Amino acid sequence: MMSASPAPNNGLPAAAHPLVFAVDDEPMLLELATLILQPLGFRVATFRDPIAAVRTFSLTNPLPVLIITDFAMHQMNGLDLIRDCRLIHPDQKILMVSGTVDETVYRDSPHQPDAFLPKPYSAAELTAAVNKLLG
């Protein structure tokens, strides 16, 4: 289920805080992503269920500036999530994270993330990856 974390309260409207979707079946990793990204000014919507994430993505306007997804999840894997989200919005920026696979898992796939970050990652590594993807 989605839990939308409130944006930092600095007087700016919510629209001034870009939305990021974080999708992982490990609640602690969703909490970690939120703790890292919120102070950077992002609103973070977290999903333990990738199918719910795709459903919400299809209804969200404006779209998130970034989706951070795990590879290995129970209902579908990260490549399936990338495929389904890019069918809805082909230019969606997506960062894949994983502690079980490396970049070779998507080398021959037509559905590739924009970047990959191995787990475990530090706050600095996630911040650098997000900043690099979003320019």
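I started with strands β2 (residues 19–23) and β3, which run parallel and are joined by five bridges. For the record, strands are DSSP runs of E with at least two residues, helices are H or I runs of at least four, and both are numbered from the N terminus. Strands count as paired if DSSP finds at least two bridges between them. I found Val23 opposite Phe47 in β3. Between β2 and β3 the chain passes through helix α1 (residues 27–37), and this β-α-β crossover is right-handed. That term means the path from first strand over helix to second runs clockwise with the strands pointing away from the viewer.

Notes on the source: this is a predicted model, with local features needing pLDDT of at least 70 and side-chain atom pairs 80 or more, while totals for chains, interfaces and linings use all residues. Residues are numbered from 1 along each chain as its sequence is written, and side-chain values use heavy atoms, leaving out hydrogens and water.

Next, I checked burial. In β3 (residues 43–47), four of the five residues are buried (under 20% relative accessible area; over 50% is exposed, in between partly exposed; 1.4 Å probe, protein chains only).

Then I looked up Val97, in strand β5 (residues 94–98). Is Val97 buried or exposed? Val97 is buried, because its relative accessible area is 1%. Leaving out residues up to four places away in sequence, Val97 touches Ile68, Thr69, Asp70, Phe71, Leu117, Lys119 and Tyr121 (contact: heavy atoms within 4.5 Å). Val97 and Thr69 lie 28 residues apart in sequence, yet their C-alphas are 6.0 Å apart.
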